[in-house]
Amino acid sequence: MARRRSPAQPIAAVGAALPPMPPAVMPMPLAEPAAPVADRTGAAFFDVDNTMMQGASLYYFARGLASRRYFTTIDLAKFAISQARFRLLAAEHSGDIAQAREAALAFIEGWKVDDVQRLSEEIFDELMADRIWSGTRALADQHLAAGQRVWLVTAAPVELGRVIAARLGLTGALGTVAEIRDGAYTGRLVGEMMHGPAKAHAIEALAAAEGLDLTRCTAYSDSINDVPMLTSVGRAVAVNPDSALRRMARAQGWDIRDFRSGRKAAKVAVPVALGAGVLAGAVAGGMALSRRRKKT
């Protein structure tokens with residue numbers, strides 16, 4: 001006869017021999033991605049106009065100023081024509097560089113540095129952010145992920161270059177530097193325009209200051225005018241190259257990256273030719289604006 005369990009016997013005792021229930025499984029927090037190991041001697045240098053950006057940064061800056069009534073529509077048209085002429089002739093005629101430099105001084109004289117900074121930020125967000133080449137930005141991000149620093153190198157004002165670099169999360173920018181006194185531009189440049197050989201000289205000076213090994217550095221550009229910069233480093237890459245640079249890149253065995261479609265290339269060619277990414281845009285528009293401002 002089966003023995004009855006005493007009512008006083010606790011039920012919990014029956015299950016005492018069972019294995020304990022596992023604790024609730026909690027999701028483990030995802031580990032933070034490891035920061036890249038800093039590569040202190042390698043770096044990358046990117047031209048801006050038609051390399052990092054579709055078109056010319058200074059052209060879009062002028063458009064932004066025109067929309068804010070700093071320029072008239074006629075001034076902007078003259079601005080564009082002057083830059084187109086520079087694009088075609090500046091590589092061969094040093095006189096055009098000198099004229100561009102003098103015009104640039106008229107363009108910025110008396111402007112407050114804080115105003116240029118504010119306008120550069122506004123106009124980048126308004127007109128330039130959507131024109132950054134995603135392929136070129138990915139190349140810059142690869143250098144950053146490898147622990148290398150990345151600088152933009154542009155003939156445009158360094159203040160505009162720094163805004164673009166900051167918006168893209170890059171290290172900084174080398175650009176044309178204007179003299180500043182009491183928070184305003186004096187109308188004189190510090191050194192040369194950041195164009196042609198001046199870009200190579202600036203990179204070499206930065207390398208000396210930062211301890212970079214230029215043989216481990218990479219430079220990216222679309223223009224034959226930037227050959228001095230491209231040949232100053234260990235690796236050159238032609239990005240959206242003009243025909244002359246494409247021929248040279250093939251002859252030298254350089255990498256070529258072209259992020260343009262046929263239709264897009266045609267659209268981009270207009271602001272590139274008009275903008276050129278150099279201060280020559282002020283030749284007509286800037287001088288006209290300067291004359292009007294002095295009359296008022």
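## Walking through the fold: exercises

Arg149 and Glu210 meet through their side chains in a polar contact of 2.7 Å (a pair of N or O atoms within 3.5 Å; within protein, one must be able to donate a hydrogen and the other to accept it, and residues adjacent in sequence count only if both atoms are side-chain atoms). Before you dig in: this is a predicted model, where local features need pLDDT of at least 70 and side-chain atom pairs count only at pLDDT 80 or more, while totals for chains, interfaces and linings use all residues. Residues are numbered from 1 along each chain as its sequence is written, and side-chain values use heavy atoms, with hydrogens and water left out.

**Exercise 1. Work out the strand order of the open sheet, then find its edges.**

Step 1: the sheet has six strands in the order S3-S2-S1-S6-S7-S8, with parallel pairing. Two strands pair if DSSP finds at least two bridges between them.

Step 2: S3 (172–176) and S8 (255–257) are the edge strands, each with a single partner, so one side of each has no neighbour in the sheet.

Step 3: on average, neighbouring strands of this sheet are turned by 20° against each other, direction ignored.

Step 4: count bridges. S1 and S6 share three, with Phe46 partnered by Tyr220 in S6. S6 and S7 are joined by four, and Thr218 has Arg235 in S7 as its bridge partner. S7 (235–239) and S8 have three, including the one that links Ala238 to Ile256.

Step 5: sort the S6 side chains. Thr218 and Tyr220 point one way, Ala219 and Ser221 the other, and all are buried.

**Exercise 2. How do H1 and H4 pack?**

Step 1: H1 and H4 (113–128) cross at about 105°, with their axes 9 Å apart. Axes are lines fitted to C-alpha atoms, for helices over the stretch in contact, and angles run from 0 to 180 degrees between N-to-C directions.

Step 2: H1 and H4 are therefore roughly perpendicular (65 to 115 degrees; under 35 is roughly parallel, over 145 roughly antiparallel, the rest oblique).

Step 3: read off the contact. H1 brings residues including Tyr60, Phe61 and Leu65, which meet a set in H4 with Leu119, Ile123 and Leu127 among them. The residues of this contact split into seven nonpolar, four polar and two charged. Here Ala, Val, Leu, Ile, Met, Phe, Trp, Tyr, Cys and Pro count as nonpolar, Asp, Glu, Lys and Arg as charged, and the others, Gly among them, as polar.

**Exercise 3. Describe the surroundings of Thr51.**

Step 1: Thr51 belongs to the loop between S1 (43–47) and H1 (57–67), and Thr51 is buried, at 0% relative accessible area.

Step 2: its side chain makes a polar contact with that of Asp47 at 2.9 Å.

Step 3: apart from neighbours within four places in sequence, the contacts of Thr51 include Trp133, Tyr220, Asp222 and Asn240. Trp133 is 82 residues away along the chain, yet the two C-alpha atoms are separated by 7.6 Å.

**Exercise 4. Compare the backbone and exposure of Asn50 and Asp182.**

Step 1: most residues other than glycine have a negative phi. Asn50 has a positive one, near 65°, and so does Asp182, at about 55°.

Step 2: Asn50 is in the loop between S1 and H1, whereas Asp182 is in the loop between S4 (178–181) and S5 (184–189).

Step 3: Asn50 counts as buried at 4% relative accessibility, while Asp182 counts as exposed at 72%.

Conventions:
Helix = DSSP H or I, 4+ residues; strand = E, 2+ residues; numbered from the N terminus. Buried < 20%, exposed > 50% of the residue type's maximum accessible area, 1.4 Å probe, protein only. Contact = heavy atoms within 4.5 Å.
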